[in-house]
Amino acid sequence: DSHLEELKTSLLTPDKLLGLKMFPIDFEKLFDGYYDQEWTLWDRFDVQGLQLSGEEMTLKQFLDYFKDDRDCEVCVKRKLGHHVKTLVFELCCNSESGEDVEVPYVRYIIR
């Protein structure tokens, strides 16, 4: 197959890696784009999804949390340009017994 040979020649092999310049990720680099608060790639927002009532937070409550408590509006309603053909989602899922399960990412095909 010509497609198989094309794939084989496009894959990175150790000898091809020698010629590549690698750019290491600086996990300690400080970012300052959030209301003058510095943060690194190690930082995160912890959100308590379980409310005092015992109910889990809805998507609306989650979005309201960022708007009201963090003064940061999460943008989820945005018109996509005609050049956008797919969206990629990374999911965190639980099994029926409540255990975390790894799942592949989702490619949502629009056009």
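How many residues apart in helix α3 are Lys60 and Asp64? They sit four residues apart, so about one helical turn separates them.

**View 1. Lys60 and Asp64 pair up along helix α3.** This is a predicted model, and here the side chains of Lys60 and Asp64 meet in a salt bridge, 2.8 Å from N to O. Lys60 counts as exposed because its relative accessibility is 56%, over the 50% cut-off. Asp64, with a relative accessible area of 29%, is partly exposed. Helix α3 covers residues 59-69 and has the highest mean pLDDT among the elements of the protein, 89.

View 2. Side chains of opposite charge can pair when their charged atoms come close.

**View 3. The largest pocket has Lys60 and Asp64 in its lining.** Its volume is about 220 Å³. Leu63, Lys67, Glu73, Val74, Cys75, Val76 and Lys77 also belong to the lining. By type, the lining residues split into five charged, four nonpolar and no polar.

**View 4. Asp71 shows a positive phi.** The angle is about 55°, even though Asp71 is not a glycine. Most residues other than glycine have a negative phi. Look for Asp71 in the loop between α3 and β3 (86-89).

**View 5. Helix α2 has the lowest mean pLDDT among the elements.** That helix, residues 14-17, has a mean of 62. For the protein, the mean pLDDT is 79, and 79% of the residues reach 70 or more.

Conventions
Residues are numbered from 1 along each chain as its sequence is written. This is a predicted model: local features need pLDDT of at least 70, side-chain atom pairs count only at pLDDT 80 or more; totals for chains, interfaces and linings use all residues. Side-chain values use heavy atoms; hydrogens and water are left out. On a 1 Å grid over the protein atoms alone, a cavity is a set of points where a 1.4 Å probe fits but cannot get out, and a pocket is an open set with protein on both sides within 12 Å along at least five of seven lines; lining residues have an atom within 4 Å of a point. Grid points are joined across faces, edges and corners, and a volume is the space filled by probe spheres set on the points. Ala, Val, Leu, Ile, Met, Phe, Trp, Tyr, Cys and Pro count as nonpolar, Asp, Glu, Lys and Arg as charged, and the others, Gly among them, as polar. pLDDT is the predictor's confidence in each residue, from 0 to 100. Helices (H or I, at least four residues) and strands (E, at least two) are DSSP runs, numbered from the N terminus. A salt bridge is a side-chain nitrogen of Lys or Arg within 4 Å of a carboxyl oxygen of Asp or Glu. Buried means under 20% relative accessible area, exposed over 50%, partly exposed in between (1.4 Å probe, protein chains only).
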